[in-house]
Amino acid sequence: MGEPFSIPRDMNHADPRYLEAKRSLDSRARSRRIREKLLAALPEKPTIVEIGCGTGTILPQLVEWGVDRGRYRGVDTAEHLIAFAQDARTAEFRHEGIPVTEQEQGFTVGELSVTFEQADGLEVLETTPDVDLVIGQAFGDLVGVSKLVTGLESALAPGGLAYLPITFDGGTIFQPDHPADRAVEQAYHEFIDAEPGRDSQAGRHLAEAFRRRKGDLLGMAGSDWILRPHGGTYPVDEGYVLRTILDFIESALSERTGSDRTDWLATRRGQLAARELTYVAHQYDLLYQLPGS
Ligand SMILES: C[S@@+](CC[C@H](N)C(=O)[O-])C[C@H]1O[C@@H](n2cnc3c(N)ncnc32)[C@H](O)[C@@H]1O
């Protein structure tokens, strides 16, 4: 705890350390059932676009799952994340003994050609046809459900897939109990919903939007983050994730007054420092497929 931050600490998801630190949580949370459905439906050499790719942590997962042919294009609006993703993922593959060949743009790993680029995910979807797989991890709550579904359907080839793991769905749970828990959770979700395009119940709203479309919601499973102290510590860098979440909540509470809320934050930070705080975020993994040709 206590390191300086290079970027503002309000509701900013574009902090590389936060994105790398949540990786162990994402791996534990993602549904194996949804992943197996995805892999069974993917063509051999898919064209993949990841929107809001952050530091590109899903890429090594894809390769580990055997998706090592075709093309992966990761896009994110945050330029510093794109540079980070390119360097960190190259270094990671090499560290794992997986050969990487640098190209004029990006690199190849196995027979998968990889690029990271700074761009708006929705614009990329609108201008990129015939995509076999669009991935949006921890992204569905950021841009508006209807714009996202329209963009996905515009980009996907017939039979194409949208894989949206770790989609937030309006559950923010802490233990031990505190009398202000309900008020704080409500204030936090209202704060999210007040930001343009954001939706604190994106998981359920996406499922409902897909149900009404011509494609098929192939799968939906819970992928809650469960972040808890274990043996007097938090695994890997997960304590940093919890610290960031408390900072997000502080932003939400800054517009509200009340001593119970002030006490809530101080109590939660004390419990985090003492490794006594448990946090659960309710989320879904969604897998949607367009009809084939
Ligand atoms: C919660 S982070 C998730 C990052 C990554 N998918 C992961 O799970 O580690 C959301 C990411 O979306 C990016 N982002 C937000 N709006 C975007 C947009 N319209 N187009 C592309 N990226 C966007 C942010 O910069 C951030 O990196």
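## Around the ligand

A residue counts as near a molecule if one of its heavy atoms lies within 4 Å of it. In this predicted model, 20 residues are around the ligand, and those that come nearest are Lys22, Gly52, Asp76, Gly121 and Gln137.

Let's look at some of the polar atoms involved. The side chain of Lys22 places an N or O atom 2.7 Å from an oxygen atom of the ligand. Gly52 takes part through its backbone, with a polar atom 2.7 Å from a nitrogen atom of the ligand. Thr77 also uses a backbone N or O atom, which lies 3.3 Å from a ligand nitrogen. The ligand taken alone exposes 590 Å², and the protein buries 91% of that.

## A closer look at Lys22

Where does Lys22 sit in the chain? You will find Lys22 in the loop between helix H1 (16-21) and helix H2 (23-29). Is Lys22 buried or exposed? Its relative accessibility is 6%, so Lys22 counts as buried, the cut-off being under 20%.

Beyond its neighbours within four places in sequence, Lys22 has contacts with Gln137, Ala138, Trp225 and Val241.

## Aromatic pairs

There are seven aromatic pairs in the structure. One of them joins Trp65 and Tyr163 edge-to-face, at 6.5 Å centre to centre and with 70° between the planes. Trp65 belongs to the loop between helix H4 (58-64) and strand S2 (69-76), while Tyr163 belongs to strand S7 (residues 156-175), so this pair ties together parts of the chain 98 residues apart in sequence. Trp65 and Tyr163 are both buried.

Another pair brings together Phe174 and Trp264: their ring centres are 5.1 Å apart and their planes stand at 80°, so this pair is edge-to-face. Here strand S7, which holds Phe174, is linked to helix H11 (residues 259-273), which holds Trp264, and the two residues are 90 apart in the chain. Phe174 and Trp264 are buried. Tyr279 joins them, as ring pairs link Phe174, Trp264 and Tyr279 into a cluster.

## Confidence in the model

How much of the protein scores at least 70 in pLDDT? The answer is 95% of the residues, and the average for the protein is 94. Please treat residues 1-10 with care: their pLDDT is below 50, although the stretch has 21 contacts in the model beyond near neighbours in sequence. Where pLDDT is low, predicted coordinates should not be read in detail.

Note on methods. Residues are numbered from 1 along each chain as its sequence is written. Side-chain values use heavy atoms; hydrogens and water are left out. Rings of Phe, Tyr and Trp (its six-membered ring) pair if their centres lie within 6.5 Å; planes under 30 degrees apart count as stacked, over 60 as edge-to-face and the rest as tilted. Helices (H or I, at least four residues) and strands (E, at least two) are DSSP runs, numbered from the N terminus. Buried means under 20% relative accessible area, exposed over 50%, partly exposed in between (1.4 Å probe, protein chains only). pLDDT is the predictor's confidence in each residue, from 0 to 100. Contact means heavy atoms within 4.5 Å. A polar contact is a pair of N or O atoms within 3.5 Å; within protein, one must be able to donate a hydrogen and the other to accept it, and residues adjacent in sequence count only if both atoms are side-chain atoms. Accessible areas come from the Shrake-Rupley method with a 1.4 Å probe; for residues, only the protein chains shown count as cover.
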